Amino acid sequence: MSEYIVFDKDHHEHHHKETFITKYIFSQDHKMIAKQYLFTGVIFMGIIGILMSSLMRMQIAWPEEPNIIFEFLLGKWAPDGVMDADIYLALVTMHGTIMVFFVLTAGLSGTFSNLLIPLQLGARDMATGFLNMVAYWLFFVSTVLMVASIFVEAGPAAAGWTIYPPLSALELAQPGSGLGMTLWLVSMAVFIASSLIGSLNYIVTVINLRTKGMSLTRMPLTIWAFFVTAIIGVISFPVLLSAALLLIMDRSFGTSFFLSDIFIQGEVLHYQGGSPILFEHLFWFLGHPEVYIVLLPALGIASEVIATHSRKPIFGYKAMVMSILAIAFLSTIVWGHHMFITGMNPFLGSVFTFTTLLIAIPSAVKAFNYITTLWRANIQFNPPMLFAIAFVSTFITGGLTGLILGDSALDINVHDTYFVVAHFHLVMGISALYGMLAGIYHWFPMMFGKMMNKNLGYIHFWVTAICAYGIFFPMHFIGMAGLPRRYYTNSNFPLFDDLADTNTIITVFAIIGALIQLVFLYNFFHSMFYGKKSPQNPWNSTTLEWTASMKHIHGNWQGKIPEVYRWPYDYSKPGYKEDFVPQHIPLKKDEEEY
Amino acid sequence: MITLFITLTLVFISIAIWQMIKIFDLTRALKGEKIDDSQIANDKDNRINARLMLGFLAFIYVITIICVVKYGHFPLITDAASDHGIKNDTLMIWTLALIFFVQTITQFLLHYFAYKYKGQTGNKALFYTDNHKLEIIWTIIPAIVLTGFITYGLLTWADVMNISEDDDPMVVELYAQQFNWKARYAGEDNSLGKSNVRLIDIDRANILGIDESDPNASDDIIVTELHLPVNKPVLFKMRSQDVLHSAYMPHFRAQMNCVPGMITQFLFTPNMTTEEMRNTPKMIDKVLTINEIRDEKSKELIKKGEEPLDPYDFDYLLLCNKICGKSHYNMQMKIIVESQEDFDTWISKQTVFKNSLIAQN
Ligand code: HEM
Ligand SMILES: [Cu+2]
Ligand SMILES: [Cu+2]
């Protein structure tokens with residue numbers, strides 16, 4: 001692989017006549033594409049997603065009071081500043097969709113798989129730069145469609161991010177199921193195409209373009225995570241695509257895959273013989289693996305960041321790889337735990353309880369390994385490290401409540417309550433968000449050649465960490481008290497009146513948490529332009545990306561691609577003066593690999 | 001207004017923090033201190049953040065304690081009011097205990113290690129790559145504990161979902177539509193008449209689409225308030241006419257989706273009448289608290305010249321718990337659990353299906 005092309009400066013310059021368009025827009029360079037995903041998926045969609053969550057929280061805390069912010073942002077959907085009930089559901093739906101798919105799937109994998117797979121493996125670029133570009137632009141189109149759907153006359157899709165029919169299938173059932181839902185479905189179909197192309201590219205690159213010496217067991221855990229994530233994506237996303245296509249057929253061409261015996265608004269519809277439960281199976285066949293598509297890259301990033309900043313090898317590298325594989329495998333056979341009380345055969349419920357609780361084992365192994373990695377470390381509290389530690393914390397807190405939701409008998413009581421909202425936000429939403437932020441702080445120097453301001457990073461971190469627990473921890477308890485999710489207001493149930501003050505506190509945390517992200521945005525953009533120039537390897541990391549040219553060039557390395565002689569976690573290895581030995585340094589005579 | 005005020009205050013606070021940092025940096029620069037602007041953590045950063053890690057651990061514990069104390073009635077909303085619910089609650093308590101235990105310990109280790117092993121110039125970490133014994137131990141221990149929980153959970157599940165006709169349950173249909181509930185009792189014969197939404201005939205007031213030619217149907221009784229005799233098993237048959245709904249009866253630890261095109265079912269035995277539940281000490285407390293809150297709100301409403309809120313008294317409820325459209329948040333039905341005699345009196349006053357139809361000529 002190192003034979004590829006030896007770049008010298010002149011060769012490089014006359015070979016690629018780069019225009020603005022090929023460099024910044026239709027770029028085929030993985031580093032530029034990574035940044036494009038970062039800006040579209042993470043920053044742009046992230047702002048929308050968080051803004052929507054703030055609106056929902058304000059509605060829940062102060063339901064009847066007219067609110068200027070609603071009037072200003074929602075216009076005709078908040079006449080006199082009072083939010084419309086349909087729009088609350090639309091916000092829930094779009095927030096969920098945007099966060100799960102756009103920010104934490106495309107944004108997270110798109111940014112870091114693209115940036116790191118070639119750089120950490122010692123490849124000049126992705127296997128095919130052209131398809132990589134196509135994947136990004138398909139993602140862009142799906143983003144435009146999804147954002148456009150917010151502005152249609154009757155409002156965007158409002159059937160929940162799970163878009164269960166018949167609600168999502170019938171315009172008679174709710175206004176959002178008209179054009180809004182059509183755009184949602186088309187956008188997701190394009191999104192899935194993008195995701196499949198992207199994932200195939202990642203898989204092929206990992207298999208074929210590793211530099212000399214980069215055996216599978218010398219791959220950083222980030223790459224393992226991205227690789228396995230891509231595989232899960234390729235296996236499960238097509239199923240959602242079929243579900244979306246069948247739903248489109250039911251909506252527009254009168255088929256009855258998911259619909260049967262419906263009487264709505266005074267008329268009997270012609271549908272017969274379909275089953276909404278079939279849709280639920282298809283949806284969750286993707287939907288559950290999807291949460292691991294969101295989570296695994298964050299796990300990978302956290303492993304890398306924790307090892308680097310604690311100056312210590314990740315504990316149990318092989319166990320970490322095995323548990324990623326085990327989680328990936330199990331994640332494809334647990335989808336039924338979302339369906340215990342849908343009318344599915346109770347025996348099936350038992351099977352899914354069994355497989356679901358099994359996942360706790362590899363997850364526990366991961367948590368213990370992270371904690372052991374910190375033991376007798378020499379922890380450098382850079383902002384990425386803080387986020388990585390917080391990741392482990394929320395991963396544990398959120399993961400543990402999975403023992404309740406995965407247990408069919410207990411799920412009866414808390415299914416679809418705020419307990420679920422608390423659980424998945426902590427274990428998937430916040431954890432993946434932390435992983436992503438850790439990644440941004442850690443690889444910002446790689447992406448932009450500048451350092452981010454650490455003090456702003458500290459403020460951002462501590463306020464975010466407090467708010468995350470402040471928002472989602474109490475939610476477990478209001479969920480156990482029986483409060484259903486996706487409720488526009490709880491004021492119709494005096495039964496829940498004693499939860500109102502908790503809800504207000506949650507909202508205050510949510511607003512502070514949202515505002516503090518402005519500090520991050522400021523830090524991000526300010527550092528991008530005026531930040532301090534980064535040294536070649538600011539965190540003294542062992543992996544290959546820090547040997548590449550900090551100035552972005554096609555082909556990544558000025559000269560030959562470095563060869564790899566050791567695993568990626570030689571931190572504080574005895575026998576060396578420095579506390580890190582990069583992967584491209586040959587073993588000393590008689591040195592054991594690890 | 002309040003929101004806007006809070007939001008603006010927060011914006012100002014953040015701007016203030018930011019400016020303070022700037023001033024802080026500037027004064028240091030003016031004093032001629034050498035500023036380390038590498039943006040990489042130094043020993044001082046490590047010390048501060050390490051302490052904050054301990055602080056954060058304390059924060060997690062404190063917020064847990066506050067929530068537990070404030071929330072009070074474990075494990076779920078009120079005491080379970082059904083036979084199987086009591087078993088479910090025991091399982092829930094055990095699981096919660098395990099969760100709190102593991103949570104307390106692992107969060108402690110995580111944050112304490114982060115504090116204890118903070119970086120210092122000159123220190124070196126231990127090169128410690130793996131330890132098979134340890135890893136096997138912490139694979140096996142969760143495996144054993146989980147085996148216990150899985151077995152316990154599956155036995156409970158089998159018990160809850162097992163519908164045996166031997167107990168001779170009373171059959172009741174729960175019928176969901178956007179955005180209300182109806183209940184249909186099977187009548188004397190305890191067998192529901194056949195039904196399909198295609199048979200709905202609004203003009204004849206056949207609102208549930210019941211097959212008029214089915215002899216089982218004639219004595220069915222349709223109501224909008226669910227009454228249940230205490231200590232008698234009830235077999236619910238759920239139906240929906242339009243979209244998915246979910247019949248959620250939290251006090252009874254019962255929930256089942258209503259799916260158009262099919263019939264789903266759930267069986268439970270209520271074991272406490274509404275009256276009994278109202279008189280449990282916990283419930284008396286809860287109702288008092290809620291009424292205090294409502295009084296406060298009423299005062300404000302009266303000031304604004306609006307109607308005050310009604311005082312609250314406890315009733316069991318059936319809530320919709322599957323997103324179903326605009327008024328999903330207000331799709332409820334009252335449930336009353338009473339003695340068999342009271343139930344019999346009540347039901348004898350309801351009109352049977354046959355007589356509720358509007359004749360057409
Ligand atoms: C910034 C902090 C966040 C806040 C304050 C927040 C708040 C909320 C709220 C209030 C709901 C609606 C609850 C309901 O009425 O049922 C919700 C739903 C949801 N959120 Fe978040 N959220 C945040 C971040 C995230 C993140 C990072 C994710 C990424 C996975 C996420 C994914 C979801 C999903 C999937 C739903 C469910 C949507 C549905 O019910 O269809 N959220 N969130
Ligand atoms: Cu799942
Ligand atoms: Cu409903």
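The side chain of B:S240 comes to 3.3 Å from the backbone nitrogen of B:D242. That is a polar contact, meaning a pair of N or O atoms within 3.5 Å; within protein, one atom must be able to donate a hydrogen and the other to accept it, and residues adjacent in sequence count only if both atoms are side-chain atoms. The B:S240 side chain also reaches the backbone oxygen of B:V243, at 2.5 Å. B:S240 itself sits in strand β5 of chain B, residues 234–240. Strands here are DSSP runs of E with at least two residues, helices are runs of H or I with at least four, and both are numbered from the N terminus. With a relative accessible area of 2%, B:S240 is buried. Buried means under 20%, exposed over 50%, and partly exposed in between, using a 1.4 Å probe and protein chains only.

Before I go on, some housekeeping. This is a predicted model, in which local features need pLDDT of at least 70 and side-chain atom pairs count only at pLDDT 80 or more, while totals for chains, interfaces and linings use all residues. Residues are numbered from 1 along each chain as its sequence is written, chains are lettered from A and ligands numbered from 1 in the order in which they are written, and side-chain values use heavy atoms, with hydrogens and water left out.

Now the sheets of chain B. Strand β5 belongs to an open sheet of five strands, ordered β3-β2-β1-β5-β8, with mixed pairing. Its edges are β3 (221–223) and β8 (264–268), each of which pairs on one side only. From one strand to the next, the twist averages 25 degrees. Those angles are taken between lines fitted to C-alpha atoms, for helices over the stretch in contact, and run from 0 to 180 degrees between N-to-C directions. Strands count as paired if DSSP finds at least two bridges between them. Strand β2 (180–185) and β3 of chain B are antiparallel, with three bridges. Within that pair, B:R184 has B:I222 as its bridge partner.

The other sheet is also open, has five strands and mixed pairing, and runs β4-β10-β9-β6-β7 in chain B. At its edges are β4 (226–229) and β7 (254–258), each pairing on one side only. Neighbouring strands are turned by 20 degrees against each other on average, direction ignored. Here β9 (316–320) and β10 (332–338) run antiparallel and are joined by four bridges. Across that pairing, B:L318 stands opposite B:M333.

On to the ligands. What surrounds ligand 1? There are 21 residues around it, and A:Y88, A:H95, A:W161, A:H425 and A:R486 come nearest. To be near, a residue needs a heavy atom within 4 Å. By class, the shell has 12 nonpolar, six polar and three charged residues. Nonpolar covers Ala, Val, Leu, Ile, Met, Phe, Trp, Tyr, Cys and Pro; charged covers Asp, Glu, Lys and Arg; the others, Gly among them, are polar. Helices α3 (30–61), α5 (85–121) and α16 (418–448) of chain A each give at least two residues to the shell. The largest share, seven residues, is from α5 of chain A.

A polar side-chain atom of A:H95 is 2.8 Å from a nitrogen atom of the ligand. For A:R485, a polar side-chain atom lies 2.8 Å from a ligand oxygen. An N or O atom in the side chain of A:Y418 is 3.3 Å from an oxygen atom of ligand 1.

Ligand 2 is a copper ion, coordinated by A:H288 through ND1 and by A:H337 and A:H338 through NE2, at 1.6 to 2.0 Å. Donors are N, O and S atoms within 2.8 Å of the metal (3.2 Å for Na, K and Ca); water is not among the atoms, so sites may look incomplete. Along the chain, the donors are spaced H-x48-H-H. A:H337 is buried, at 11% relative accessibility.

Last, the backbone. Most residues other than glycine have a negative phi, and most peptide bonds are trans. A:R311 is not a glycine, yet has a positive phi of about 55 degrees. A:R311 lies in the loop between α9 (276–310) and α10 (317–331) of chain A, and is buried at 3% relative accessible area. A cis peptide bond joins A:P165 and A:P166, with omega about 0 degrees. Another joins B:Q178 and B:F179, with omega about -5 degrees.
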